[in-house]
Amino acid sequence: GEGGGEVSAAEEIETDLRGGSGGKWLVVETEYPDELLVACCRITIDAVEGVSVVDVMAVEPRAQGKGAGSYLLKKAENMAMGMGCAKSEICVGHWQSGAISWCESRGYSQCGGELWPSSRMSEVPGPVAAPSNAASRPPMMIRMRKALSDSRGAKGGAGAAGAAAPSASPPPPPAPRGPPAFLL
């Protein structure tokens, strides 16, 4: 976007695809024929650490509060568990108190932080990027983390090898639902 530090989800995806970050994009769109972008996130996997990182997440303002972000985050977490990750991290700007609270309500806790990457300064709102006085702190990226578990409560999505099956098995989990309908 121009001047305000706001970058649209479509611009972020296009920039990333040209740069080839190695991350995977998950996208929620409205139905055909419109196919308007509702929400997106980029997930990268650190196989050595067994951690997935959602470092970009955006929800169209008119779709916020309707479940699009929650749906997308759950999809990212399920993808990470399927790839062997035991933890998930989300990166949030220190000025995004609403996003920090949203992540906390989904089981994430703050686990650290670092200076906002200079390569992503276009995402930082003007007053945060250029503080008006020396006492203001530079933009920080807050890292938030949670342990992942499958529907049976086993951490990391892996079951116990060789465990005997219980005599009465619980009912299967409900079939996955598609994304909620989003009207923009």
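Which residues of the largest nonpolar core touch the most other members?

1. This is a predicted model, in which local features need pLDDT of at least 70 and side-chain atom pairs count only at pLDDT 80 or more, while totals for chains, interfaces and linings use all residues. Residues are numbered from 1 along each chain as its sequence is written, and side-chain values use heavy atoms, with hydrogens and water left out.

2. Ile90 and Met144 touch the most other members of the largest nonpolar core, which has 24 residues; such a core is a set of buried Ala, Val, Leu, Ile, Met, Phe, Trp, Tyr and Cys residues joined through side-chain atoms within 4.5 Å, buried being under 20% relative accessible area with a 1.4 Å probe, protein chains only. Its largest share, 7 residues, comes from α2. A second, separate core of 7 residues includes Val51, Cys91, Trp116 and Val124.

3. The open sheet has 6 strands in the order β1-β2-β3-β4-β6-β5, with mixed pairing; strands are DSSP runs of E, at least two residues, and helices runs of H or I, at least four, numbered from the N terminus, and two strands pair if DSSP finds at least two bridges between them. Because β1 (24–29) and β5 (109–115) each have a single partner strand, one side of each is left without a neighbour in the sheet.

4. β5 pairs with β6 (residues 140–147) in the antiparallel sense over 6 bridges, and Gly113 has Ile142 in β6 as its bridge partner.

Technical notes
Buried < 20%, exposed > 50% of the residue type's maximum accessible area, 1.4 Å probe, protein only.
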